[in-house]
Amino acid sequence: MDGTVQTKQGDTARTIDSVVRRPVTRNEDPLKELFVFDLDGTLAPSKSSLGDEIASLLHDLLKIMKVAVISGGSWTQFEEQLLARLPSGDDFENLFLLPTCGTQFYSYDGSWKQVYAETLSDEQRAKVIAALETALRESGVSVPHIWGEAIEDRGSQITLSVLGQEAPLSEKEKWDPDFTKRTKIKEILVPLIPDLSVNMGGTTSIDVTKPGIDKAYGIKKLTEQLGLTTKEMIFAGDALFVGGNDFPVQLAGVDSILVRDPSETARVIQTVIACLGDGDVQIVSPGKTT
Ligand SMILES: [Mg+2]
């Protein structure tokens, strides 16, 4: 047998045997060492807690690779949405947290430690808060009700959540799905604070930061802090499209996977664990029966 067969048309075709035995060729890129996730809409529903399945899968993933989570959200959100749902004593040495797009960086060494925080000056923050109030008022957009505080000072980022930080997700989702209202506010806001960067994020929010602060900035911080290249990272996010707040990660050169919601993220994590795990780390994952 020479590894070929004649088809009816007389073409030469390889046998299944020769195809199966052909070695898989790999490129020279290093294996991924760090999985970077967006938080809202990717690991957890917007401003909500991590579900049981993702918490369990992250627990498993932390046993086989480094994990980073990067979000425009504050440290408090990371504590409430993410850390409160992970088992204490988990492999947190492998977990790195980047609130406010990496203008803050937290790592674990027996307890969670802030490695650095880059904040706006007091003068800048006061100016931003006044500008946000003016832009919201002058835009004339309808605000039916405000749940909790609307403006949150996160030090390195000031966020206007138009319906308030405690607004129910159902209300937030229907308020400005096509960004029309926030675009009106942004048009008034930008000339008031021309030296700062204004971005629409989440479902009802507008974020103000120093210029050049987006998730690509967070990726740059990860390369500096962890000594990894972008090729050694993989990213998953729900806003990996032009204009989406995850898109800068792809532009920064990180292999990026667009997910629709946390349940799709769960399938991605399971795939990674199945490929890289030793068969034991999956034991607490839902559906694992051995
Ligand atoms: Mg997101």
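## Terms for helix pairs

The axes are lines fitted to C-alpha atoms, for helices over the stretch in contact, and the angles run from 0 to 180 degrees between N-to-C directions.

## The model as a whole

This is a predicted model, in which local features need pLDDT of at least 70 and side-chain atom pairs count only at pLDDT 80 or more, while totals for chains, interfaces and linings use all residues. Residues are numbered from 1 along each chain as its sequence is written.

The protein has 9 helices and 13 strands; these are DSSP runs, numbered from the N terminus (helices are H or I with at least four residues, strands are E with at least two). Of the 290 residues, 37% are buried. A residue is buried if 20 or more other C-beta atoms lie within 10 Å of its own, exposed if 12 or fewer, and partly exposed in between, with C-beta atoms placed from the backbone. Two residues are in contact if their C-beta atoms, placed in that way, lie within 7 Å. Among contacts between residues at least 6 apart in sequence, 64% join residues at least 24 apart.

## Helices α4 and α6

Helix α4 (residues 122-139) and helix α6 (residues 180-192) have axes that come within 8 Å and cross at roughly 140 degrees. The two helices are therefore oblique to each other. The crossing of α4 with α6 is right-handed; a crossing is right-handed if the near helix is turned clockwise from the far one by less than a right angle, and left-handed if anticlockwise.

On the α4 side, the contact involves Ala131, Leu132, Thr134, Ala135, Leu136, Glu138 and Ser139, which meet Lys184, Ile185, Ile188, Leu189 and Leu192 of α6. These residues divide into 8 nonpolar, 2 polar and 2 charged. Here Ala, Val, Leu, Ile, Met, Phe, Trp, Tyr, Cys and Pro count as nonpolar, Asp, Glu, Lys and Arg as charged, and the others, Gly among them, as polar.

## Helices α2 and α9

The axes of helix α2 (residues 52-61) and helix α9 (residues 262-276) come within 10 Å and cross at roughly 25 degrees. That angle makes α2 roughly parallel to α9, and the crossing is left-handed. Residues of α2 that meet α9 include Glu53, Ile54 and Leu57, and their partners in α9 include Pro262, Thr265 and Ala266. The contact of α2 with α9 divides into 8 nonpolar, 2 polar and 2 charged residues.

Leu61 lies in α2. Leu61 is buried, with 26 other C-beta atoms within 10 Å. Not counting residues up to four places away in sequence, Leu61 touches Phe35, Val67, Ile269, Val272 and Ile273. The C-alpha atoms of Leu61 and Ile273 are separated by 6.3 Å, although these residues are 212 residues apart along the chain.

## Helix α7

Helix α7 (residues 215-226) has 12 residues and should span 16 Å at 1.5 Å a residue, and its end C-alpha atoms are 16 Å apart, which agrees. The expected span is 1.5 Å times one less than the number of residues. Its buried residues are Lys215, Ala216, Tyr217, Gly218, Ile219, Lys221 and Leu222. They pack against several elements, including β3 (34-38), β4 (66-70) and α8 (247-251). Just after α7, Gly227 takes a positive phi of about 65 degrees.

Note on methods: Parallel < 35°, antiparallel > 145°, perpendicular 65-115°, else oblique.
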